[in-house]
Amino acid sequence: MEKAYILLAKQEGISNRAAKELIDRGLVYARDKKIKIARGLLPENTRFKVIEVPEIKKIFEDENILVVDKPPFITSEEISKKFKYPLLHRLDKETSGILVLTKNEEFRKKAIEEFKKKNVYKEYIVWVKGIVAEGMKIDVPIKVFKTKRGAFAKVRGDGEEAITEIEPILAFRTKSKIKAIIHTGKTHQIRAHLKYINHPILGDEKYGGEPFKRVMLHHHKFKIFDYNFISEEPRDFVMQEELNSKRKKGR
């Protein structure tokens, strides 16, 4: 038996540090199961599969903002560092889609005011557990806790206002694809709200979701001032729909 990151480093011909980083990002699988603990012990004949992170694509750029299509498995802060512009908002590491960076302080201040006034439109596409048959508004407060493992949000009466609207797009036997529109921008709002209504996001084990390749949450549409952006569904979302459609026809 040997530590997972050491075995991966030998297989890929990379440093132990690089191997550990790949595992920590959630990019490494063995026997179709994600390797979650870099220091976990595995048989020395273990063969790994490493998922390749898609490139960061620019959606739009002008004198005020840079808008990119964020791939999963990379943090918003890493993208900010790469392009050397501050973030207007954040997406979680495994969340994909529209990410906005600001290029001047004057625009940044005006944009932040728009967020405060709730004049920003943010729409997500989400794969969730169970059948979502009709739309609903989830209007329950959220309290965010800071822990050693990162932020965690809970629906609590002493929390802050949080409003999410959801609408079904497709429903299959055990899962649904939905649209989620957030009217407030609390940390992990969609994740906590969907757990609250017993439809956790696929891959979101932190909030009760079943294991999956990643948290299946995608920032699809964003509007602020006269700007209007769309990020098309990523390949893993499309493949999930195709797979479930085939299963449905095969019943």
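This is a predicted model: local features need pLDDT of at least 70, side-chain atom pairs count only at pLDDT 80 or more; totals for chains, interfaces and linings use all residues.
Let me begin with Thr-95, which counts as buried because its relative accessibility is 3%, where buried means under 20% relative accessible area, exposed over 50% and partly exposed in between, with a 1.4 Å probe and protein chains only. Residues are numbered from 1 along each chain as its sequence is written, and side-chain values use heavy atoms, with hydrogens and water left out.

Thr-95 lies in the loop between helix H3 (76–83) and strand S8 (96–102); helices (H or I, at least four residues) and strands (E, at least two) are DSSP runs, numbered from the N terminus. Leaving aside residues up to four places away in sequence, Thr-95 touches Lys-70, Pro-71, Pro-72, Tyr-124, Arg-214 and Leu-217, contact meaning heavy atoms within 4.5 Å.

Turning to the sheet, 3 strands form an open, antiparallel arrangement in the order S3-S2-S5, and its edge strands, S3 (33–34) and S5 (49–50), each pair on one side only. Strand S2 (residues 28–30) pairs with S5 over 2 bridges, two strands being paired if DSSP finds at least two bridges between them, and Val-28 stands opposite Val-50 in S5.

Finally, which residues of H1 meet H2? Ala-4, Tyr-5, Ile-6, Leu-8 and Ala-9 in H1 meet Asn-16, Ala-19, Lys-20, Leu-22 and Ile-23 in H2.
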